[in-house]
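The structure is shown first, for reference while reading.

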Amino acid sequence: MALQGPIPVTFDMVFPHGCYIVGEVEPVKDFDASTNGRFVQARDKQTSELVWQVSVMDADPTVKAAQKTVSVKILSPVQPVAPAPMPGLPFTPVEFNHVTATPYVNGSGRLAYSIKVREMRAPRTAGPGKPAPVAKDAA
């Protein structure tokens with residue numbers, strides 16, 4: 001089978017309504033290498049990059065409340081910096097680049113996905129599926 005490992009997807013496929021940061025960017029612990037109070041940060045098995053994580057809330061209104069918050073893993077040699085908060089919003093909107101999804105069966109026997117990304121940034125104002133700014137006539 002040609003599909004092996006993480007499956008490349010777009011941000012809009014995973015979060016068609018966008019998403020918002022609801023936690024801090026934190027290093028992911030390597031539970032096998034960490035011992036006796038010594039923290040060792042996890043590295044991605046395919047790329048050997050350091051793994052960070054941030055909790056985000058899916059803005060899709062049809063998603064059940066218990067499934068709205070997900071952890072996104074970020075592969076980066078340095079700690080990623082979240083976009084600046086937007087005035088008037090309780091949460092910071094965010095987009096991700098170079099997104100992959102890895103399916104797995106969770107503890108309750110349901111299909112779930114591990115989402116990994118390479119870049120976190122402020123949302124773009126225009127692009128596929130999003131309205132472009134309207135130019136004003138100079139009459």
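1. The side chain of Ser76 reaches the backbone oxygen of Val78 at 2.7 Å. This falls under polar contacts (pairs of N or O atoms within 3.5 Å; within protein, one must be able to donate a hydrogen and the other to accept it, and residues adjacent in sequence count only if both atoms are side-chain atoms). Ser76 is found in the loop between β5 and β6. Helices (H or I, at least four residues) and strands (E, at least two) are DSSP runs, numbered from the N terminus.

2. The model is predicted: local features need pLDDT of at least 70, side-chain atom pairs count only at pLDDT 80 or more, and totals for chains, interfaces and linings use all residues. Residues are numbered from 1 along each chain as its sequence is written, and side-chain values use heavy atoms, with hydrogens and water left out.

3. Is Ser76 buried or exposed? With a relative accessibility of 10%, Ser76 counts as buried (under 20% relative accessible area; exposed is over 50%, partly exposed in between; 1.4 Å probe, protein chains only). Not counting residues up to four places away in sequence, Ser76 touches Glu49, Leu50 and Trp52, where contact means heavy atoms within 4.5 Å. Ser76 and Trp52 are 24 residues apart in sequence, and their C-alpha atoms are 7.4 Å apart in space.

4. On confidence, the chain averages a pLDDT of 88, and 89% of the residues score at least 70; pLDDT is the predictor's confidence in each residue, from 0 to 100. Over residues 126–139 the pLDDT is below 50, and this stretch has 8 contacts in the model beyond near neighbours in sequence.

5. As to overall architecture, the chain contains 1 helix and 9 strands, in the sequence order β-α-β-β-β-β-β-β-β-β. Of the 139 residues in the chain, 30% are buried. Among contacts between residues at least 6 apart in sequence, 59% join residues at least 24 apart. The accessible surface comes to about 9500 Å², with 58% belonging to carbon and sulfur atoms; the areas come from the Shrake-Rupley method with a 1.4 Å probe, and for residues, only the protein chains shown count as cover.

6. In soluble globular proteins, nonpolar side chains tend to be buried together. Here the largest nonpolar core has 19 residues, and those with the most contacts inside it are Val54, Val56, Val72 and Phe96. Such a core is a set of buried Ala, Val, Leu, Ile, Met, Phe, Trp, Tyr and Cys residues joined through side-chain atoms within 4.5 Å. At least two residues of this core come from each of β2 (19–21), β4 (51–58), β5 (69–75), β6, β7 (99–105) and β8, and β4 gives the most, with 3 residues. Leaving out residues up to four places away in sequence, the contacts of Val54 include Ile21, Val70, Val72, Ile74 and Phe96.

7. Ile21 lies in strand β2 and is buried, at 10% relative accessibility. Beyond residues up to four places away in sequence, Ile21 touches several residues, among them Val54, Val56, Phe91, Val94 and Met120. Ile21 and Val94 are 73 residues apart in sequence and 6.6 Å apart in space, C-alpha to C-alpha.

8. How many aromatic pairs does the structure hold? There are 2, counted where rings of Phe, Tyr and Trp (its six-membered ring) have centres within 6.5 Å; planes under 30 degrees apart count as stacked, over 60 as edge-to-face and the rest as tilted. The rings of Phe11 and Phe15 have centres 5.6 Å apart and planes at 40°, so this pair is tilted. Phe11 and Phe96 form a tilted pair, at 6.3 Å centre to centre and 55° between the planes. Phe11 lies in helix α1 (residues 11–14) and Phe96 in strand β6 (residues 92–97), so the pair ties together parts that are 85 residues apart in sequence. Phe11 has a relative accessible area of 7% and is buried; Phe96 is buried at 2%.

9. Lys116, in strand β8 (residues 111–117), counts as buried at 18% relative accessibility. The side chains of Lys116 and Asp44 are joined by a polar contact of 2.6 Å. Leaving aside neighbours within four places in sequence, Lys116 is in contact with Asp44, Gln46, Lys73, Leu75, His98, Val99 and Thr100.
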